[in-house]
Amino acid sequence: MFVRLAEQHRQFVKDLVMNLQALAIVLEGLGYLASCYTCGGQMNSASFMVSLGDNHLIRFLVSDYGITWTEMRDDRELMKLEGAEAIQQLQELANLAKFKVAPASPALPTQV
């Protein structure tokens, strides 16, 4: 039983890494600064980051050891989630891609 669960977990992590890579590509296409780095070709860990603008950064880490979501603004940690809660937050990012929400462009100064 435990061998089967371990293999299911490895497959889950691999699927999650592939989805993070795809999400980074789609978000980049929408104009966000996004990246997803993996270690080696086994797809057993990844570091995903996306800038939402205004010094607002999301970092999502996944590996065999755990899953964490960290949200920062102005280099200060606003929120840190782990496990299923961290994965649920990915839906918010996926919604940016799903609904094709482009990053907010900086406001241009108005001339008087």
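Reader: In this predicted model, which residues of H2 are called buried, and what makes them so?

Author: The buried residues of H2 are Ala 86, Leu 90, Leu 93, Leu 96 and Ala 97, and the word requires a relative accessible area under 20%. Seen down the axis of H2, these buried residues fall within an arc of 95°, so they line one face of the helix.

Reader: Which residues lie on the face of H2 turned away from its buried side, and what does the buried side pack against?

Author: The face turned away carries the exposed residues Ala 84, Gln 88 and Lys 98, where exposed requires a relative accessible area over 50%. The buried residues of H2, by contrast, pack against H1, E2, E3, E4 and E5.

Reader: How does the span of H2 from first C-alpha to last compare with what is expected at 1.5 Å a residue?

Author: H2 has 16 residues and reaches 23 Å between those two atoms, which is close to the expected 22 Å.

Reader: What makes Lys 100 stand out in its phi, and is it buried or exposed?

Author: Lys 100, found in the segment after H2, has a phi near 50°, which is a positive value in a residue other than glycine. Most residues other than glycine have a negative phi.

Reader: Where is Asp 75 found, and why is it called exposed?

Author: Asp 75 is found in the loop between E4 and E5, and its relative accessibility of 79% is set against the cut-off of over 50%, so it counts as exposed. Asp 75 also has a positive phi of about 60° although it is not a glycine. E4 and E5 form a hairpin with two residues between them, and Asp 74 in the turn has a positive phi as well, of about 55°.

Reader: What makes the sheet an open one with edges, and which strands stand there?

Author: The five strands have the order E1-E2-E3-E4-E5, with antiparallel pairing, in an open sheet. Strand E1 (33–38) and strand E5 (76–82) each have a single partner strand, so one side of each is left without a neighbour in the sheet, and these two stand at the edges. Neighbouring strands of this sheet are turned by 10° against each other on average, direction ignored.

Reader: How do you know that the neighbouring strands pair?

Author: Pairing requires at least two bridges between two strands, and E1 and strand E2 (residues 45–53) have six, in the antiparallel sense; one example is Thr 38, whose bridge partner in E2 is Ala 46. E3 and E4 pair over eight bridges, again antiparallel, with His 56 standing opposite Arg 73 in E4, and these two strands form a hairpin with two residues between them. E4 and E5 pair in the antiparallel sense over six bridges, and the bridge partner of Thr 70 in E5 is Lys 80.

Reader: Why is E4 described as largely enclosed?

Author: Six of the eight residues of E4 are buried, so E4 is largely enclosed by the rest of the structure.

Reader: What makes up the largest nonpolar core, and which element gives the most to it?

Author: The largest nonpolar core has 25 residues, and those with the most contacts inside it are Leu 20, Leu 27, Phe 48, Phe 60, Val 62 and Leu 93. H1, E1, E2, E3, E4 and helix H2 (83–98) each supply at least two residues of this core, while H1 gives the most, with seven residues. Helix H1 (residues 2–29) lies across E1, E2, strand E3 (56–63) and strand E4 (66–73), running at about 150° to E1. Among the residues that Phe 48 touches are Leu 20, Leu 27, Phe 60 and Leu 93.

Technical notes
Residues are numbered from 1 along each chain as its sequence is written. This is a predicted model: local features need pLDDT of at least 70, side-chain atom pairs count only at pLDDT 80 or more; totals for chains, interfaces and linings use all residues. Side-chain values use heavy atoms; hydrogens and water are left out. Helices (H or I, at least four residues) and strands (E, at least two) are DSSP runs, numbered from the N terminus. Axes are lines fitted to C-alpha atoms, for helices over the stretch in contact, and angles run from 0 to 180 degrees between N-to-C directions. Contact means heavy atoms within 4.5 Å. A nonpolar core is a set of buried Ala, Val, Leu, Ile, Met, Phe, Trp, Tyr and Cys residues joined through side-chain atoms within 4.5 Å. Buried means under 20% relative accessible area, exposed over 50%, partly exposed in between (1.4 Å probe, protein chains only). The expected span of a helix is 1.5 Å times one less than its number of residues. The arc is that of the directions from the helix axis to the C-beta atoms. Lists of a residue's contacts leave out its neighbours within four places in sequence.
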